Every structure is written in structure tokens, then in C-alpha cells.
Amino acid sequence: MHRNFCKNCENTFEVNYCSNCGQKTSTKRLDLNYLKDEAKYTFLHLNNGLLYTSKQLLTRPGEMVKEFIEGKRVKHYKPILMVFVLAGITTFLAHYNGDLKIIEEMKVSNSKNSFNPDTFGKIFTEYYTLIQLITVPFISICTWLAFRKWGYNFIENIIINSFATAQLMIIGILFTPIKYLCANTGFIFISSAIIGFGAYGFNIWLYLKLYKDKDLGEIILRILLTLFYLFLIFLLGIIIVVIYMVVTNSVKN
């Protein structure tokens, strides 16, 4: 049988793909056909990966996440990469959906506690992806502690909450037209609050379906316990910031 030579890792193999690195046997010269193939692959990957997973998160979130954890992953977009992609889209849409409008209007009347919306807006737009990724491990610590007797380890909780974070952003993206229409009206805060509560409702639905074989009261109790743990982390964060500010001011003085 004819043996092929891999131009990527210099391995020899007999099939259509390198058994060492996975590169295809045929590596033709880059031309228009290559661009067509790349465009086709990108579209199919988007359609069968990102869009498919997004649809699943909106229609059967708990079941889909459970299947992914148990190994049914071929059709699905990788959860952490999905957070990256959706956070980028969300950051771009923030210029049009009214989120930055809310930030601009968040001014404190008391000059001693003046709020700089430009700084906050810069953080929101430039570090949104990083903020989303940082919050996932902290949320996962809380869900792991609250649901630790129900079988999923900490890493699996990170995957669960990556999908939950992606679910929130998908809903935000889908409701961009409504937020855009309300951006210059007095309803921007109300509409954003309604959309936000609705999105977190989808998160709760995800957990209800993920643990659908458990008692409903137990699930709700553990969700509340998760919120309590999150509150403790938030409180700890405030304490650390206050201590840092006090120490910094003391050094300056």
C-alpha cells in the first residue's frame, strides 16, 4: 500500500489523514478553490456548531449540557470558546443596544461619590470577555459547593457555567433590536431589567432540567445556596477592595 508523507510533522501514514497530527494527505497550492473550501467549512462549522449549540441552549439547555458532559460532543461548540465568541459579539453590539447608554446615565449627583461613566464604559467594552471568563470559575465554585453531592466535579461545573454564561449572552444578543429601540427612551432601564431577569430565568431552567431527576424543592434550595455563596464572594471582594484603598491612601499620606 502507498504510504503518504505528512508535510506538517514528517510522519508517514497510509490513510487520508496523518495519524500523528491529523493533517490531510492532500495539501494543494493555495488558490480560489482553497478559499471556497475554507468559506464552506467556516459556514458549516458555524451553522452546525455555534448556531446548533445556541439553539439547544434555548430549547433544551439542561439536557444538552448533560449530554455534553457525558460525552455527546461532536455537534456542539466548545463552551469556553463559545463564551469568547459571544462576548466579542456582545461587546460589538454594546455600541448599538443601549448598554453604553445606561452606563452614560449612571452618574451620581453627589460630587464626593462622582461616577466616571467613560472609565466604566471603557472597562465594559475592552474587558467584557475577560470579565465573563473570570466570573465563570467563581460561579463554578459556588455551584460545586451547593451541588457537590450530585455527581459533577469542579471542572464539569466550569463547563456547565460556561454554557450558562453563553446562554445569557445569546438572549442578550437576540434582544438587541428591542434594546436598540429603547436606547433613547425612558424605557431603557426597564427593558434591560426585564431582559436580564428573563435571561437568568433561562439559567434557572438549565439547572432544573440538568437535575430533573432530583426533587424540585431540593434543586431550588441549592440554587438559593449558590446565590448565598455568590453573595459571600461579592462581600469578600468589597472588603478586599476597601482594605486595598485604605492601605493605598495610608501609603500616599
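Where is His 76 found? His 76 is in the loop between helix 2 and helix 3. Helices here are DSSP runs of H or I with at least four residues, strands are E runs of at least two, and both are numbered from the N terminus.

A word on the model before I go on. This is a predicted model, in which local features need pLDDT of at least 70, side-chain atom pairs count only at pLDDT 80 or more, and totals for chains, interfaces and linings use all residues. Residues are numbered from 1 along each chain as its sequence is written, and side-chain values use heavy atoms, with hydrogens and water left out.

Back to His 76. At 11% relative accessibility, His 76 counts as buried. Buried means under 20% relative accessible area, exposed means over 50%, and partly exposed lies in between, with a 1.4 Å probe and protein chains only. Leaving out residues up to four places away in sequence, His 76 touches Tyr 52, Thr 53, Gln 56, Met 64 and Phe 68. Contact means heavy atoms within 4.5 Å.

Take Gln 56 from that list. Gln 56 sits in helix 1. Gln 56 is buried, because its relative accessibility is 7%. With residues up to four places away in sequence not counted, its contacts are Pro 61, Met 64 and His 76.

Next, the helix pair. Helix 3 (residues 79–93) packs with helix 6 (residues 154–174) at about 25 degrees, and their axes are 9 Å apart. Axes are lines fitted to C-alpha atoms, for helices over the stretch in contact, and angles run from 0 to 180 degrees between N-to-C directions. What residues make the contact? From helix 3, they include Met 82, Val 83 and Leu 86; from helix 6, they include Phe 163, Ala 166 and Met 169.

Now the core. The largest nonpolar core has 28 residues. Such a core is a set of buried Ala, Val, Leu, Ile, Met, Phe, Trp, Tyr and Cys residues joined through side-chain atoms within 4.5 Å. Leu 57, Val 65, Met 82, Ile 160, Phe 163 and Tyr 211 touch the most other members. Helix 6 gives the largest share, seven residues. Tyr 211 touches Phe 147, Trp 150, Tyr 152 and Ile 219, not counting residues up to four places away in sequence.

Last, Cys 18. Cys 18 lies in the loop between strand 2 (12–13) and helix 1. Cys 18 is buried, at 5% relative accessible area. Cys 6 is twelve residues away along the chain, and the two C-alpha atoms are separated by 6.4 Å.
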